[in-house]
Amino acid sequence: KILLDCPQGLVVMTDRLRLKQVCLNLARNSVKFVDEGFIRLKAEVVNDEVNLYIEDSGPGIPIEKREILFSKFQESLDTLSQGTGIGLFLCFNLVTLMEGEISLDTHYDSGVKGKPGTRFVVNLKREPIDPK
């Protein structure tokens, strides 16, 4: 189940193409790991900055993989080794080019029993703008 949670009328000035690429890559990663539960794309304003969250109810990321998560050509996290190990590295670089920050929320819990889940936080470091 894919959930969208975005305040109506929230607009931010940023690179639309790069932002779309980051969100789609993170959501596609979630699809690989979620067999039940949800994938949620969420946006909110925190301390006058737009934050995006890509959350899921998958198995979570092992503690030993977290420090190298955004490294180039890291070992695939999935059991089928379907990735090249460059996706999160690319996301990190695209967010950095947009002058934002991306991180893994290590305290996140999906609320689904036995599925701790994963939440990536993309802080765009930009205030929302009035679309009028």
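Trainee: Which element gives the most to the lining of the largest pocket?

Mentor: In this predicted model, that element is α1, which contributes 5 residues to the lining. At least two lining residues also come from each of β2 (39-46) and β3 (49-56), as they do from α1 (16-33).

Trainee: How many residues line the largest pocket, and which lie nearest its centre?

Mentor: The lining has 19 residues, and those nearest the centre are Cys6, Leu19, Cys23, Ala43 and Leu52. The space in the largest pocket is about 500 Å³.

Trainee: How do the residues of that lining divide into nonpolar, polar and charged?

Mentor: There are 15 nonpolar residues, 1 polar residue and 3 charged ones. Leucine, alanine and cysteine count as nonpolar, and residues of these kinds are found nearest the centre, in Leu19, Ala43 and Cys23 among others.

Trainee: Why is Val121 called buried?

Mentor: The term requires a relative accessible area under 20%. Val121 has 15% relative accessibility, and therefore it counts as buried.

Trainee: Where does Val121 lie, and which residues does Val121 touch?

Mentor: Val121 belongs to strand β5, residues 118-123. Not counting residues up to four places away in sequence, Val121 touches Asn51, Leu52, Tyr53, Glu101, Ile102, Ser103 and Asp105. Leu52 is also one of the residues nearest the centre of the largest pocket.

Trainee: What makes Lys115 buried, although lysine counts as charged?

Mentor: Lys115 has a relative accessible area of 19%, so Lys115 is buried. This residue lies in the loop between β4 and β5. Leaving aside neighbours within four places in sequence, Lys115 is in contact with Asp35, Glu36, Ser57, Gly58 and Ser110.

Trainee: What is the order of the strands in the sheet?

Mentor: The open sheet has 5 strands in the order β1-β2-β3-β5-β4, with mixed pairing. β1 (2-5) and β4 (101-104) are at the edges because each has a single partner strand, so one side of each has no neighbour in the sheet. From one strand to the next, the twist averages 15°.

Trainee: How do you know that β1 and β2 pair, and what makes the pairing mixed?

Mentor: Two strands pair if at least two bridges are found between them. β1 and β2 are joined by 4 bridges and run parallel, so they meet that condition. β2 and β3, in contrast, run antiparallel and are joined by 8 bridges. β3 and β5 are also antiparallel, over 6 bridges.

Trainee: What form do β2 and β3 make together?

Mentor: They form a hairpin with 2 residues between them, and Asn47 in the turn has a positive phi of about 50°.

Trainee: How do you know that β3 is mostly covered?

Mentor: Of the 8 residues of β3, 7 are buried.

Trainee: Where does helix α3 lie?

Mentor: Helix α3, residues 87-97, lies across β4 and β5, and runs at about 145° to β4.

Technical notes: Residues are numbered from 1 along each chain as its sequence is written. This is a predicted model: local features need pLDDT of at least 70, side-chain atom pairs count only at pLDDT 80 or more; totals for chains, interfaces and linings use all residues. Side-chain values use heavy atoms; hydrogens and water are left out. On a 1 Å grid over the protein atoms alone, a cavity is a set of points where a 1.4 Å probe fits but cannot get out, and a pocket is an open set with protein on both sides within 12 Å along at least five of seven lines; lining residues have an atom within 4 Å of a point. Grid points are joined across faces, edges and corners, and a volume is the space filled by probe spheres set on the points. Buried means under 20% relative accessible area, exposed over 50%, partly exposed in between (1.4 Å probe, protein chains only). Contact means heavy atoms within 4.5 Å. Axes are lines fitted to C-alpha atoms, for helices over the stretch in contact, and angles run from 0 to 180 degrees between N-to-C directions.
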